[in-house]
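Colleague: Can you walk me through reading a model like this one? I would like the general idea, then the case at hand.

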Amino acid sequence: MAQVGRLRQIGIGKETTAGTAVAATFWIGVESGKVTPLVEYASDTSSNGRIETPIMSKVTKKNAITQFTAPARSDWLGMLLKATLGTSASATASGETVVYEHTFTVLNSNAHPAYTLRLKDGIATEYSTYSMLSKLGLSCEAGGLLMVDAEFVGRNLTSTTGTPAYSNDYIWKSGQGTIKFATDLSGLGAASAIAFHSMKLEIDTGLMTHHAFGSDTLTANYNGPIKISGELQIIHDNNTYRDYVQAGTEKAMRISFAGDSIGNAETVELQINLAKCAFEEWDVSDSNDEIAVETIKFTAQYDQAEG
């Protein structure tokens, strides 16, 4: 049966035991997304007196890759941040009874959490266990919403049944965002917001799949070195950020979005703190008929002083 992409639904749930399927905790309202087989073949390229090759192929690896783009929502974004960084802690916000602060930090381990990713469309309902996050992107343009791009890799798809359910949760827009620089993390609170108009943050977990004898599907997933990079755009009216690149300047960075009011006196806030960023590339637009815009690319680094 023919179908439009809007019938495709993606759900996610954190596994208690890696590789054991769980129900979806959240269904994600995606703008685009899919779950597809990730198959590898081994070919017999020996010669039988013919110039054609190969003479035979066998499927040797059967995994699945889940990819989606969606407006970031506060209910499920935390699950993706934990998948990316590895660990979280929660506590009641000061002066509140039902509003919580969730802190996500890097787990210094190659065994980050695994998830069951589910796909339901007009044709089938399927899931992929032992899915671990490979890449996470956050981006926002002036006049737009904070967007998420995510990629998970897991085991081969399995047929199932299920009924998706969605919640009306909070999203963030560009007018709620700020970006700050400071010498170190302690200075970010008092730092002034900078009038950037475009932001992209990309986190690569260095995911590695492992296969063993006895099965074509993956035995285990392991995250590797975490790499965080990004780019910012701003109207070019001075050479401050060009000089950062030339001088090898390093800064702490805070990307935050303070959304709708909740509880007694809180907002739905997302705050990303990077203790040390190296500014490694700078460019400026060169159109004769448009305002010059500069693009600054950076890479986050581990800060020994901050831990």
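Colleague: What does the protein hold in helices and strands?

Modeller: Bear in mind that this is a predicted model. The protein has two helices and 18 strands. Its C-alpha trace spans about 70 × 55 × 45 Å along the principal axes. Of its 307 residues, 38% are buried.

Colleague: Next, pockets. How much space lies in the second largest pocket?

Modeller: The general idea comes first. Rolling a probe the size of a water molecule over the atoms shows where empty space is left. Here, the second largest pocket holds about 230 Å³. Its lining counts 18 residues, and K135, G137, D149, A150 and E151 are the closest to its centre.

Colleague: Which elements give two or more residues to that lining?

Modeller: They are strand 3 (32–44), strand 4 (56–71), strand 8 (125–141), strand 9 (147–155), strand 12 (198–204) and strand 15 (227–235). By class, the lining has five nonpolar, six polar and seven charged residues.

Colleague: Take A150 from that list. Is A150 buried or exposed?

Modeller: A150 lies in strand 9. Its relative accessible area is 6%, so A150 counts as buried. Now look along the chain. A150 and I203 are 53 residues apart in sequence, yet their C-alpha atoms are separated by 9.7 Å.

Colleague: Where does H112 lie?

Modeller: H112 sits in the loop between strand 6 (100–106) and strand 7 (115–120). From H112 to T129 is 17 residues in sequence and 14 Å in space, C-alpha to C-alpha.

Colleague: Now the backbone. Which peptide bond is cis, with omega near 0°?

Modeller: The bond from T53 to P54. P54 is found in the loop between strand 3 and strand 4.

Colleague: And phi? What is the value at Y130?

Modeller: Y130 has a positive phi of about 55°, although it is not a glycine. Y130 belongs to strand 8. With 11% relative accessible area, Y130 is buried.

Colleague: Last topic, charge pairs. How many salt bridges does the count come to?

Modeller: Side chains of opposite charge can pair when their charged atoms come close. In this model, the count comes to four salt bridges. One of them joins E52 and R50, at 2.8 Å from N to O. E52 is partly exposed at 44% relative accessible area, whereas R50 is exposed at 55%.

Colleague: What N to O distance goes with R242 and D243?

Modeller: Their side chains meet at 3.6 Å. R242 is partly exposed at 31%, and D243 is partly exposed at 35%.

Colleague: Which residue forms a salt bridge with K297?

Modeller: E281, with the closest N and O atoms 4.0 Å apart. K297 is in strand 18 (residues 293–301) and E281 in strand 17 (residues 266–284), so the pair ties together parts that are 16 residues apart in sequence. K297 is partly exposed, with a relative accessible area of 33%. E281 is partly exposed too, at 41%.

Methods
Residues numbered from 1 in each chain as written. Predicted model: local features only at pLDDT ≥ 70, side-chain atom pairs only at ≥ 80, totals over all residues. Heavy atoms only, no water. 1 Å grid on protein atoms, 1.4 Å probe; cavity = no way out; pocket = protein on both sides within 12 Å on 5 of 7 lines; lining within 4 Å. Points joined across faces, edges and corners; volume = space filled by probe spheres on them. Helix = DSSP H or I, 4+ residues; strand = E, 2+ residues; numbered from the N terminus. Nonpolar A, V, L, I, M, F, W, Y, C, P; charged D, E, K, R; others polar. Buried < 20%, exposed > 50% of the residue type's maximum accessible area, 1.4 Å probe, protein only.
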